[in-house]
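Subject: Structure handover

Hello,

Here is the structure for you to open alongside this note. My findings follow below it.

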Amino acid sequence: MPLISDPHLLTGYEHAEDAGVYQLSDDLALVQTVDFFTPTVDDPYTFGQIAATNAINDIYAMGAKPLTAMNIVCFPIKTMDKSVLRDVLRGGLDKMREAGVLLIGGHSVEDNEIKYGLSVTGTIHPRRVLMNRGARPGDKLILTKPLGTGIISTALKADAASDAVLAKSIACMTELNRKAAELVIAAGEIHSCTDITGFGFLGHASETIEGSDVGLRIAARSIPIIEGVKELLEEGYAPGGLTRNRNYRLAQVEKGPSCPDWIFDVCFDPQTAGGLFFSLPADKAQTLLDALREAGIKEAAIVGDVVGSHPGKILIV
């Protein structure tokens with residue numbers, strides 16, 4: 001469909017950015033995003049926290065500060081007790097409080113299946129927006145959260161995920177990227193940034209170089225993965241989204257012989273409220289990684305490099 005152009009629109013949805021950015025003045029821009037989905041866990045309160053985190057994190061991925069949010073609710077009022085909805089909304093509100101976000105309204109509709117999420121608005125200086133494109137040859141790549149939440153959520157539906165694995169997945173999905181974003185912004189010279197959500201690690205990584213003159217080289221064994229995911233995947237608990245993501249991006253990704261098949265699959269696992277994935281000069285990467293880990297983001301890792309060879313493609317070895 002034809003897009004409406006406007007010189008004040010710094011980025012819309014044409015480059016798969018995590019949020020839209022509209023410039024209001026020389027030193028102020030509006031950042032907007034929306035996200036909602038069906039439950040990924042059984043507990044309503046936890047689901048509310050996860051959904052809110054997932055939406056708010058899109059603002060952090062742009063380097064912006066989230067300010068306000070509006071609830072989006074679909075609920076089967078005739079078949080489900082309102083206490084469930086109350087707990088979902090309470091979970092979302094608590095996560096908004098943690099992020100310093102004001103709830104200013106929302107909208108609800110009756111539906112056969114519960115869905116929840118947020119429309120979030122933030123602000124940023126127009127010249128400080130972090131885009132998902134712009135990585136430069138020689139950059140290092142950092143990922144701040146482990147992968148595997150989609151596989152664990154699929155196993156949960158069959159009651160196959162252990163309490164320990166589920167607890168780790170929930171901890172990842174309810175962790176705001178606020179602290180990571182603050183450290184990333186403070187480090188400066190971030191050339192590209194996005195967060196890892198429904199298209200999986202390699203799906204979102206592909207978006208950052210699609211049609212560009214650079215490529216990525218990913219070290220498979222450096223990628224942080226939640227412990228226990230390998231076993232669940234080998235038992236057959238692969239979400240349908242993993243297969244769709246892999247099929248869609250296979251032409252853009254080359255798997256080296258040293259990359260284990262199971263890690264390759266996990267890299268397409270659809271994540272919920274995943275970590276930040278960004279590029280920066282190689283001489284700054286270790287210092288920032290150390291700062292992230294000191295701040296409690298223990299599983300952040302340098303996972304690869306930006307290269308001038310194989311432009312627009314990813315080699316995972």
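A crossing of two helices is called left-handed if the near helix is turned anticlockwise from the far one by less than a right angle, and right-handed if clockwise. Keep that in mind for the helix pairs. Please also note that this is a predicted model.

**Helices α3 and α4**

By that rule, α3 passes α4 in a left-handed crossing. Helix α3 covers residues 149-157 and helix α4 covers residues 163-173. Their axes come within 10 Å and cross at roughly 130 degrees. That makes α3 oblique to α4. On the α3 side, the contact uses T149, I152, S153 and L156. They meet V165, L166, S169, C172 and M173 of α4. By class, this contact of α3 with α4 has 6 nonpolar and 3 polar residues, and no charged ones.

**The open sheet**

Six strands form an open sheet with mixed pairing. The order is β1-β2-β3-β6-β4-β5. Which strands lie at the edges? They are β1 (9-11) and β5 (102-110), each pairing on one side only. On average, neighbouring strands of this sheet are turned by 20 degrees against each other, direction ignored.

T11 stands opposite V21 in β2.

Helix α1 (residues 44-61) touches β3 (28-37), β4 (65-75) and β6 (115-124). The direction of α1 makes about 150 degrees with that of β3. Helix α2 (residues 82-99) touches β4, β5 and β6. The direction of α2 makes about 170 degrees with that of β4.

**Helices α1 and α2**

These two helices also pack on each other. The axes of α1 and α2 come within 7 Å and cross at roughly 40 degrees. Their crossing is right-handed. The contact residues in α1 include P44, Y45, F47, A52, I56 and Y60. Those in α2 include V84, D87, V88, R90, K95 and M96. By class, the contact of α1 with α2 divides into 10 nonpolar, 5 polar and 4 charged residues.

**Aromatic pairs**

How many aromatic pairs does a search of the whole structure find? There are 4. One of them joins F37 and F47. The F37 and F47 rings lie 6.1 Å apart, centre to centre, with 55 degrees between the planes, a tilted pair. This pair links distant parts of the chain: F37 is in strand β3 and F47 is in helix α1, 10 residues apart.

**Strand β7 and its partners**

Strand β7 (residues 140-143) pairs with strand β11 (residues 276-280) in the antiparallel sense, over 4 bridges. Strand β7 also pairs with β12 (residues 301-307), again antiparallel and over 4 bridges. K140 is a handy residue to look at here. Its bridge partner in β11 is L280. In β12, the bridge partner of K140 is D305.

**Helices α5 and α10**

Helix α5 (residues 178-187) and helix α10 (residues 282-294) pack at an angle of about 150 degrees, with their axes 10 Å apart. Angles over 145 degrees count as roughly antiparallel, and α5 and α10 are therefore roughly antiparallel to each other. Helix α5 passes α10 in a right-handed crossing. A180, L183, V184 and A187 in α5 meet K284, L288, A291 and L292 in α10. This contact of α5 with α10 has 7 nonpolar residues, no polar ones and 1 charged.

Best wishes

Conventions:
Residues numbered from 1 in each chain as written. Predicted model: local features only at pLDDT ≥ 70, side-chain atom pairs only at ≥ 80, totals over all residues. Heavy atoms only, no water. Pairing = 2+ DSSP bridges. Axes fitted to C-alpha atoms, helices over the stretch in contact; angles between N-to-C directions. Parallel < 35°, antiparallel > 145°, perpendicular 65-115°, else oblique. Contact = heavy atoms within 4.5 Å. Nonpolar A, V, L, I, M, F, W, Y, C, P; charged D, E, K, R; others polar. Phe/Tyr/Trp six-rings, centres within 6.5 Å; stacked < 30°, edge-to-face > 60°.
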